[in-house]
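Please keep the structure open beside you as you read.

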Amino acid sequence: MIPVPGDGWVRLSPRKLLLDPVKAVRQAIVPVVIALVGVSRSDPAYWPIIFPLAVLGPVVLGALPWLTTHYRLTDAQIQVRSGVLNKKTSTAPLDRVRSVDLEASLLHRLLGLQKVEVGTGVDDDRITLDALAAADAQALRTTLLRRREVPPAPVTTSDDAEGVDAGAPDDAAPVHVPVPAPVRLAGIDWSWLRFAPFSLSRLVIVAGALGAFSQFADDLPIWNEDTATSAWEWVTQYAVAAVAAVLAVLALAAWVVISTAGYVVQWWRFLLVREHGSLHLTSGLFTTRSITVEEAKVRGVELVEPGLLRLVGGAELSTLATGVEDGVTQVLPPCPRDVATGVGGAVLNSPAPLTAPLVAHGPRARRRAWFRKVRGALVLTVAAGVGAYFLDVGWGWVAALGVVAVALSLLVGEASYRHLGHALGERHLVAGRGDLARIRTVLETDGIIGWVVAQSWWQRRIGLADVTATTAAGREHVLVRDVGLEVAVALADRATPGLLSEFLEPVREPEPTAG
């Protein structure tokens with residue numbers, strides 16, 4: 001149930017008594033198994049004592065959060081009280097509520113529960129209620145977001161009361177303001193699955209799985225010298241190129257399956273709507289997410305087109321906001337670029353910042369981009385030459401490595417320059433960057449709180465500078481790289497008129513000549 005404002009403290013759902021013990025057992029299963037194996041090897045007689053404690057301990061500890069956690073909703077605050085020995089009371093003023101996020105793991109969903117996280121604009125100041133009944137969580141979210149929008153009732157003083165009509169009824173009927181219906185911005189389209197294999201974000205999961213497998217692979221009975229020798233002899237019986245081709249096809253097929261399955265699990269029933277002055281995102285197959293970003297705190301968007309995804313016309317979109325974790329919230333899965341620009345334009349209330357051409361930074365910036373990449377290739381070649389000297393490796397391999405590295409670095413440098421650029425609209429600063437991925441960051445000029453103009457030794461020699469707009473949103477800065485110094489200062493001055501005035505040298509008017 002949802003507490004009515006002014007009522008007493010309310011416990012979380014009783015079904016939490018089934019949730020937390022399971023979570024506690026799952027977290028303690030590894031140390032418990034290790035302890036039981038150690039005890040069984042030393043003295044099996046302790047099993048009747050250790051086993052009940054190992055099972056009942058997590059269950060009892062898991063039940064404590066339900067027994068010690070209460071919450072209530074007052075006219076001005078939501079309050080949560082928890083703790084056994086160290087009592088803790090967290091409060092959040094209703095007018096400071098910026099987001100109400102809901103999350104439900106598979107176990108939550110089986111029990112009909114949801115976790116509620118209330119954000120107040122400070123990353124470390126989030127109130128968590130785990131777990132409420134699903135209907136109560138949805139109702140609490142709606143209540144908090146609507147009460148955030150309602151202005152406080154005016155206080156009537158005795159002087160004001162004299163002007164009140166005596167014939168007016170004491171309990172006049174309240175005025176009901178109609179709540180606008182949610183506006184759908186985007187929903188899942190399963191034709192977007194074609195973009196899943198071209199998004200490499202899930203390679204991290206694959207690498208983690210391979211790392212975990214390598215921890216105990218040496219202990220497997222099939223992993224020994226005889227097996228490895230016989231496997232190598234079997235491979236050498238066939239053409240190495242054919243074996244490599246088969247392995248490549250199998251790896252590609254496995255990647256398609258993994259990436260597609262991950263896309264479905266993460267973005268199942270994806271929906272992005274605008275309601276209660278916020279952007280509300282829901283998605284997830286096993287673990288459902290419900291994320292809220294207050295539009296008043298959104299200061300811009302970021303359009304990302306990774307190299308492979310750009311080849312098939314795909315892109316990803318994130319919002320830059322204050323008061324949310326990490327400042328960046330991905331609001332669209334990998335999808336067609338026109339869908340991403342359309343949703344981004346709806347968030348910005350203008351499509352121009354995401355579609356307008358950028359101002360190029362000129363040939364000096366191009367040479368700078370080439371130099372930055374070639375420098376890394378030369379360092380790699382020198383390191384390879386040192387290694388070849390000590391290992392007595394042929395210098396031909398070092399020369400080939402150097403040629404390939406420099407050629408690739410020139411290609412990456414040219415791509416980096418082509419992605420470079422900037423633009424300044426009526427309300428937005430636009431910055432383009434990226435090496436293999438093309439990234440366009442759009443920031444409201446009202447969200448800029450300062451500027452940093454920096455020049456390295458090399459940049460000073462050719463008259464370039466890096467200008468950074470500081471902000472409280474997103475990653476807290478937007479960088480415009482390798483732009484002319486005069487252009488950088490003029491850009492900052494036009495984006496935030498008056499902010500740099502006291503640091504600029506006044507322009508002297510020419511003195512009038514006699515006669």
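1. The side chain of Glu117 meets that of Lys115 in a salt bridge, at 4.0 Å from N to O. A salt bridge here is a side-chain nitrogen of Lys or Arg within 4 Å of a carboxyl oxygen of Asp or Glu. Both residues also belong to a network of salt bridges that links Asp101, Lys115, Glu117 and Arg126.

2. A word on the ground rules. This is a predicted model, in which local features need pLDDT of at least 70 and side-chain atom pairs count only at pLDDT 80 or more, while totals for chains, interfaces and linings use all residues. Residues are numbered from 1 along each chain as its sequence is written, and side-chain values use heavy atoms, with hydrogens and water left out.

3. Now for the protein as a whole. Its secondary structure comes to 15 helices and 20 strands; these are DSSP runs numbered from the N terminus, with helices (H or I) of at least four residues and strands (E) of at least two. Of the 515 residues, 37% count as buried. The protein exposes about 30,200 Å², and carbon and sulfur atoms supply 64% of that area (Shrake-Rupley method, 1.4 Å probe; for residues, only the protein chains shown count as cover). If you take contacts between residues at least 6 apart in sequence, 56% of them join residues at least 24 apart, a contact being heavy atoms within 4.5 Å.

4. Back to the charged pairs. Side chains of opposite charge can pair when their charged atoms come close. By the rule in point 1, the count comes to 16 salt bridges. One of them joins Glu295 and Arg274, at 2.9 Å from N to O. This pair links distant parts of the chain: Glu295 sits in the loop between strand E11 (288-294) and E12, Arg274 lies in strand E9 (residues 271-275), and the two are 21 residues apart. Glu295 is partly exposed, at 21% relative accessible area, and Arg274 is likewise partly exposed, at 22%.

5. How far apart are the closest N and O atoms of Arg418 and Glu414? They are 3.0 Å apart, and the two residues form a salt bridge. Because Arg418 and Glu414 are 4 residues apart in helix H13, about one helical turn separates them.

6. E12 is joined to strand E13 (residues 314-321) by 6 bridges, and the two run antiparallel; strands count as paired if DSSP finds at least two bridges between them. In this pairing Gly300 stands opposite Leu320 of E13. E12 also pairs with strand E17 (residues 438-444), in the antiparallel sense over 6 bridges. There, Leu303 stands opposite Arg440 of E17.

7. Which strands make up the open sheet, and in what order? Four strands form it, in the order E1-E2-E3-E4, with antiparallel pairing. Its edges are strand E1 (10-11) and strand E4 (88-93), each of which pairs on one side only. Strand E3 (residues 77-82) runs antiparallel to E4 and is joined to it by 6 bridges. Ile78 stands opposite Ala92 in E4.

8. The surface has a nonpolar patch, formed by Val382, Val386, Tyr389, Phe390, Leu391, Val393, Trp395 and Trp397, with about 1,000 Å² of accessible area together. Patches are made of residues with over 30% relative accessible area and no salt bridge; like charges are joined within 9 Å, and nonpolar side chains (Val, Leu, Ile, Met, Phe, Trp, Tyr) within 5 Å. Helix H12 (362-391) and helix H13 (395-418) are the elements that give two or more residues to the patch. H12 gives the most, with 5 residues. Val382 is found in helix H12 and counts as exposed, at 56% relative accessibility.

9. Lastly, Val25 has its place in helix H1 (residues 16-42). Val25 counts as partly exposed, at 34% relative accessibility. The C-alpha atoms of Val25 and Val59 are separated by 7.0 Å, with the two residues 34 apart along the chain.

Terms used
Buried means under 20% relative accessible area, exposed over 50%, partly exposed in between (1.4 Å probe, protein chains only).
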